[in-house]
Amino acid sequence: MTATSSSPAAGSQTIVSQAIVSMRSASFGYADRAVISNVTMDIHAGEVVAILGPNGSGKSTLVKGLLGLNNHLGGQVALFGTPIDRFHDHARLGYVPQRHTLSASVRATVAEIVAIGRLPHQSWLGRSNHEDRRIIKESLAVVGLDDRTTVDVSTLSGGQQRRVLIARALAAQPDVLIMDEPTAGIDLASQEILSEVLARLAARGTTMLIVTHELQALRRVLTRIIQINQGRVTFDGPPANNELSQASQGPDLDDHDGHHHDEDDEIPRTWPTAGPLDRFPGFHDA
Ligand code: ADP
Ligand code: MG
């Protein structure tokens, strides 16, 4: 932590840190109804975080809350050190929404869709320059579609369209990429390609927040798992199977039976040594 903690823009009682996302007892919901309650966490640059939880537990509500797409009902939330109510630099947050493909009525080429991601960086004239075109091409290369730039998006499969949307988010050069179930509802081949894409992004140091059920596919790249249940965080820590976390895990693991002595609202910070990721529904250790 450095100078940011005394930034004048941060206000008097608000939280301040270098974290990309900071939440203190945060609640989000719709109208007055809180769906996500009392969430406290920081997410820093370079983290690759999976958000897990049963259907309806509030995963999408949490990430939408960060994007300002629902109501912030309580607690403190800051993005890049700025309280969310005063945060306007939304190009820094890349977002690939849940179950989103492109409408069949969209008549546009792959490159045209990805070019939309460049708009926040362009003048009101909206002219794309050489640098924009380079970034569009590179974003498409990351998702393995750089040979499709002139193809009509409506001719692509659902999985390919999802990759175009990821490329569009990347083209904005966000500081964090937030993806809501990017691999859900697409064919297996595309799921595998997407996992490779996410691994490639992680290798490039991209900070990611991924709502997912596909832990198996992501196990090599995750640095952290956050589990949501009924709107609350019930686990926040490194996956035990992850090589990164194993090095730092030794001394904390005194709880070999995998049970937590304090059952009340206690969030485990590390995994038990045995039976790590398979505690989550849908995950089977290979
Ligand atoms: P998840 O992504 O974990 O499946 P959601 O965040 O989509 O869960 O939903 C959590 C709860 O919020 C559910 O009870 C759902 O009905 C409610 N909810 C989601 N979207 C809206 C909305 N736009 N308006 C009102 N309630 C909503
Ligand atoms: Mg959801």
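Visitor: Why does S25 count as partly exposed?
Guide: S25 has 37% relative accessibility. Buried means under 20% relative accessible area, exposed over 50%, and partly exposed in between (1.4 Å probe, protein chains only). S25 therefore counts as partly exposed.

Visitor: What kind of model is this, and how are residues numbered?
Guide: This is a predicted model, where local features need pLDDT of at least 70, side-chain atom pairs count only at pLDDT 80 or more, and totals for chains, interfaces and linings use all residues. Residues are numbered from 1 along each chain as its sequence is written, chains are lettered from A and ligands numbered from 1 in the order in which they are written, and side-chain values use heavy atoms, leaving out hydrogens and water.

Visitor: Where does S25 lie, and what is its phi?
Guide: S25 lies in strand 1, residues 21-30. Strands (E, at least two residues) and helices (H or I, at least four) are DSSP runs, numbered from the N terminus. The phi of S25 is near 50°, a positive value in a residue other than glycine.

Visitor: Is A31 buried or exposed?
Guide: The relative accessible area of A31 is 55%, so A31 is exposed. A31 is found in the loop between strand 1 and strand 2 (33-43). A31 also has a positive phi, about 50°, although it is not a glycine.

Visitor: What makes strand 3 mostly covered?
Guide: Five of the five residues in strand 3 (residues 48-52) are buried. V48, A50 and L52 are buried on one side. V49 and I51 are buried on the other. In a regular strand the side chains alternate between the two faces of the sheet.

Visitor: How do you know which strands pair with strand 3?
Guide: Two strands pair if DSSP finds at least two bridges between them. Strand 3 and strand 8 (residues 208-211) have four bridges, in the parallel sense. A50 has I210 as its bridge partner in strand 8. Four bridges also join strand 3 to strand 9 (residues 224-229), again running parallel. I51 stands opposite I226 in strand 9.

Visitor: What makes S60 and Q98 donors of the magnesium ion?
Guide: S60 (OG) and Q98 (OE1) lie 2.0 to 2.4 Å from the magnesium ion, ligand 2. Donors are N, O and S atoms within 2.8 Å of the metal (3.2 Å for Na, K and Ca); water is not among the atoms, so sites may look incomplete. S60 is in helix 1 (residues 59-66), and Q98 is in the loop between strand 6 (93-96) and helix 2 (110-116), 38 residues apart. S60 counts as buried at 16% relative accessibility. Q98 counts as partly exposed at 22%.

Visitor: Why are helix 4 and helix 5 called roughly parallel?
Guide: Their axes come within 9 Å and cross at roughly 20°. Axes are lines fitted to C-alpha atoms, for helices over the stretch in contact, with angles from 0 to 180 degrees between N-to-C directions. Angles under 35 degrees count as roughly parallel, over 145 as roughly antiparallel, 65 to 115 as roughly perpendicular and the rest as oblique. Helix 4 and helix 5 are therefore roughly parallel to each other.

Visitor: What makes S190 buried, and which residues does S190 contact?
Guide: S190, in helix 5, has 4% relative accessibility, so S190 counts as buried. Contact means heavy atoms within 4.5 Å. Leaving aside neighbours within four places in sequence, S190 is in contact with S157, G159, Q160 and R163.
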